[in-house]
Amino acid sequence: MSARHGDIADSTASRPFAQVDVFTEVPTLGNPVAVVLDGDGLTDEQMAAFARWTNLSETTFLLPPSPDGAAGGADYRLRIFTPGGELPFAGHPTLGSCHAWLEAGGAPRAGDAVVQECGVGLVTIRREVRAAVGPDDEPEGTGRLAFAAPDLLADEPVPADDLAAIVAALGVPDDAVHDHRVLDNGPGWRVVLLDSADRVAGLAPDWSRLRVEHPDLSVGVAGLYGDDGGPDGAAVEVRGFALAMGIPEDPVTGSLNAVVGQWLVRDGRLPDRYVAAQGAALGRAGRVHVERDGSGTVWVGGASVTCVAGTVRL
């Protein structure tokens, strides 16, 4: 072994690791996130390099909270990377990382509420532990988790030139677009509401021109089901194309479902509690549970399941 390779080997450490499928109870049907449960001592460059290597939509690193975060009640700090860079917030990484932290023995300071520190500040995650099962009366997994959607940083109509480019890329007629908003909760989304869930499910977008002319856009698309509902009683079909993050289509997207819920529940197009379906176009069956509580907070949640558990050397 060369001295150079020896130096690299000596600089690595074995760190606990999990790969968690989010917004599903069935492995491989949700959206995976890679979670390094001890990111202490890693540089920004090391985190970014590992995120590129996993090549998942997001890879996260758990760290002790900052002094300000700890003073605010944070249980841990989370850094979230895509293959293209760091995000201040993302939904399925928040839930999947919390799931992994709880499974590894994490104990929240505030009962059933977990407080996560990340780029947008403190995010509260509530947990609904499943009923006890088995002869030893042990709870099954971590139950369903839900995060409180961060406040919107932007909420306005999509600019006309952006909208025209999006509609052209989606390949839909102008009158298929019933509404549109720029909605930003860390990741910034241009969201269009189409005339039906079936139209959303059948989209085959061509983003080639949009990538050249509008490379900084990430596009969300939603369409409502009728009175009979969609799969598993879903009220809305959602698809997310995170082009600005280098993700052609995200299987199931917590941040996007958060802004869709904040928008469409507020406007009376969706009820205070509903289920969104996402991922069918990629062979997934994500189910996102959205609820607006009495205070107006929108909670976005779902089941998570660990598919890979072990260690990584970083």
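The second largest cavity holds about 40 Å³ of space. A cavity is a set of points, on a 1 Å grid over the protein atoms alone, where a 1.4 Å probe fits but cannot get out. The volume is the space filled by probe spheres set on the points, and grid points are joined across faces, edges and corners. This is a predicted model: local features need pLDDT of at least 70, side-chain atom pairs count only at pLDDT 80 or more, and totals for chains, interfaces and linings use all residues. Residues are numbered from 1 along each chain as its sequence is written, and side-chain values use heavy atoms, with hydrogens and water left out.

**The second largest cavity**

- Its lining includes Ala201, Glu237, Val238, Arg239 and Glu249. A lining residue has an atom within 4 Å of a point.
- Strand S15 (residues 236-242) gives the largest share of this lining, three residues. Strands (E, at least two residues) and helices (H or I, at least four) are DSSP runs, numbered from the N terminus.
- By class, the lining has five nonpolar, two polar and three charged residues. Ala, Val, Leu, Ile, Met, Phe, Trp, Tyr, Cys and Pro count as nonpolar; Asp, Glu, Lys and Arg count as charged; the others, Gly among them, count as polar.

**Glutamate 249**

- Glutamate 249 sits in strand S16.
- Glutamate 249 has 17% relative accessibility, so it counts as buried. Buried means under 20% relative accessible area, exposed means over 50%, and partly exposed lies in between (1.4 Å probe, protein chains only).
- The side chains of glutamate 249 and arginine 239 are joined by a polar contact of 2.8 Å. A polar contact is a pair of N or O atoms within 3.5 Å; within protein, one must be able to donate a hydrogen and the other to accept it, and residues adjacent in sequence count only if both atoms are side-chain atoms.
- Both Glu249 and Arg239 are among the residues that line the second largest cavity.

**The largest cavity**

- The structure holds two cavities of 30 Å³ or more.
- The largest cavity has about 80 Å³ of space.
- It is lined by 15 residues, and Glu58, Trp189, Asp250, Thr253 and Ser255 are the closest to its centre.
- Helix H4 (91-103), S16 and helix H8 (254-266) each give two or more residues to this lining.
- H4 gives the most, with three residues.
- Eight residues of this lining are nonpolar, five are polar and two are charged.

**The largest pocket**

- The largest pocket has about 200 Å³ of space. A pocket is an open set of points with protein on both sides within 12 Å along at least five of seven lines.
- Its lining has 14 residues, and Asn55, Ser57, Ile247, Glu249 and Pro251 lie nearest its centre.
- S2 and strand S16 (247-250) are the elements that give two or more residues to this lining.
- S16 gives the largest share, four residues.
- The lining of the largest pocket has seven nonpolar, four polar and three charged residues.

**Helix H4**

- H4 is largely enclosed by the rest of the structure, because 12 of its 13 residues are buried.
- The buried residues of H4 include His92, Leu95, Cys98 and Trp101.
- The 13 residues of H4 should span 18 Å at 1.5 Å a residue, and its end C-alpha atoms are 19 Å apart, which agrees. The expected span is 1.5 Å times one less than the number of residues.
- Just after H4, glycine 105 has a positive phi of about 105 degrees.

**Strand S4 and its partners**

- Six of the seven residues of S4 (residues 76-82) are buried, so this strand is largely enclosed by the rest of the structure.
- S4 runs antiparallel to strand S3 (residues 59-63), with five bridges between them. Two strands pair if DSSP finds at least two bridges between them.
- Phenylalanine 61 has arginine 79 in S4 as its bridge partner.
- S4 pairs with strand S6 (residues 113-118) in the parallel sense, over two bridges.
- S4 and strand S5 (residues 85-87) run antiparallel, joined by three bridges.
- A hairpin of two residues links S4 to S5.

**Strand S1 and its partners**

- S1 (residues 14-22) and S20 (residues 304-313) run antiparallel, with nine bridges.
- Glutamine 19 stands opposite valine 308 in S20.
- S1 also runs antiparallel to S2 (residues 31-36), with six bridges.
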